[in-house]
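Subject: Structure for your study

Dear colleague,

Please find below the structure that I am handing over to you. My notes on it follow.

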Number of protein chains: 2
Amino acid sequence: MSTAIKTFAARGYYGTSTMDVATAAGISQGYLYRLFKDKPTLFAALIDYCSDRLRESVAVAAASVRGTDPEAALAALTASYDDVIADRDVLMILLHAQGSASEPVIGEALRRCYARQVEYIRSVSGASDAQIRRYFADALLSNVVVAIDADTIDAPWARTLRA
Amino acid sequence: MSTAIKTFAARGYYGTSTMDVATAAGISQGYLYRLFKDKPTLFAALIDYCSDRLRESVAVAAASVRGTDPEAALAALTASYDDVIADRDVLMILLHAQGSASEPVIGEALRRCYARQVEYIRSVSGASDAQIRRYFADALLSNVVVAIDADTIDAPWARTLRA
DNA sequence: CACTAATGAGATTGGTTACTCACTTACATG
DNA sequence: CATGTAAGTGAGTAACCAATCTCATTAGTG
């Protein structure tokens, strides 16, 4: 499962063949189709997996700030998000998923992921709509910074985009 | 050029064949390879085109707020950004490009686009790093909302994500 | 031991892909 | 008219892809 994520993370849904995934996972392509109905279903399963990882991370961070005000709680969640995307794979899957959302099964999985995340964050932080929106906006900017390697570039524009 | 954008916008770099693009543009696939060296070069050209569109849009909005304070200027720019992504194609190209940034030619084009945009916005608005970062974070959230069709969904999480 | 179900590999199929190339048309300019 | 060249085509090729089908191995059960 995590090998599949690594594989898809590199070149996305369309850019990765089922053979690539099977080889990386050390199984035959045929067996892959016994484990998953088809390619969209496989990719959607990876999104669900990433969704779980994100939720776990939020849960851990939320436990340590129970009872504080929403603003401080969100700050802690943002910090934990930066931890999750540090390994770059979960992040890239979500990023690629956005581009493959026209595939129905994938689009649904992605919307499920966002829905879950928004409501969970709302419930543990008690934040307002505007605050939650800011949280996601910051997270998405972090995504892009990592995706385009702006975090390793020493230029004014890159320094501006990262905090 | 704009037909190529429409085509790639639907399924991204890896999900769109050069044949798809040629057919949509009403030319033969062979001629496409006379116009562009190879597939990555073609896609990078589209990114440059989108970069130009974005810059134009910023230029127009900036002209009408010359001399005001940075905060108000940025607000105007954000509004103009929402106009640009209204047609959804430019937006989708940029979104897909993030997922194809591992392709060297594409990654470079994308970084060029961001660099240009950041510095241009800085120069016309005089905004601080933090303000510029907020501008981009908001823009990226708008991107995602459109990409996952959250703007047409009537659910609490979707309403939270859009302003 | 015999029977069955799960787990796995390999070959195959029908279709698509990026990219090339030999060839034509149209339009110049001397 | 001749000659050069830009604009354009259609048929290829070799590789690759998702998906399925067949066959071998293992494990468990009675």
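Copies are superposed by least squares on the C-alpha atoms of residues with pLDDT of at least 70 in both. A rotation of 180 degrees with 0.0 Å of shift along its axis places chain B on chain A, with an RMSD of 0.1 Å. That is the relation of a two-fold axis. In chain B, the residue closest to the rotation axis is Ala137(B), whose C-alpha lies at 2.3 Å.

The model is predicted: local features need pLDDT of at least 70 and side-chain atom pairs pLDDT 80 or more, while totals for chains, interfaces and linings use all residues. Residues are numbered from 1 along each chain as its sequence is written, chains are lettered from A and ligands numbered from 1 in written order, and side-chain values use heavy atoms, without hydrogens and water.

With contact taken as heavy atoms within 4.5 Å, 100% of the interface residues of chain B are also interface residues in chain A, so the copies meet through the same surface.

I turn now to the DNA. Of the atoms of DNA strand D within 4 Å of the protein, 56% belong to sugar or phosphate and the rest to bases.

Definitions and conventions. Near = heavy atom within 4 Å.
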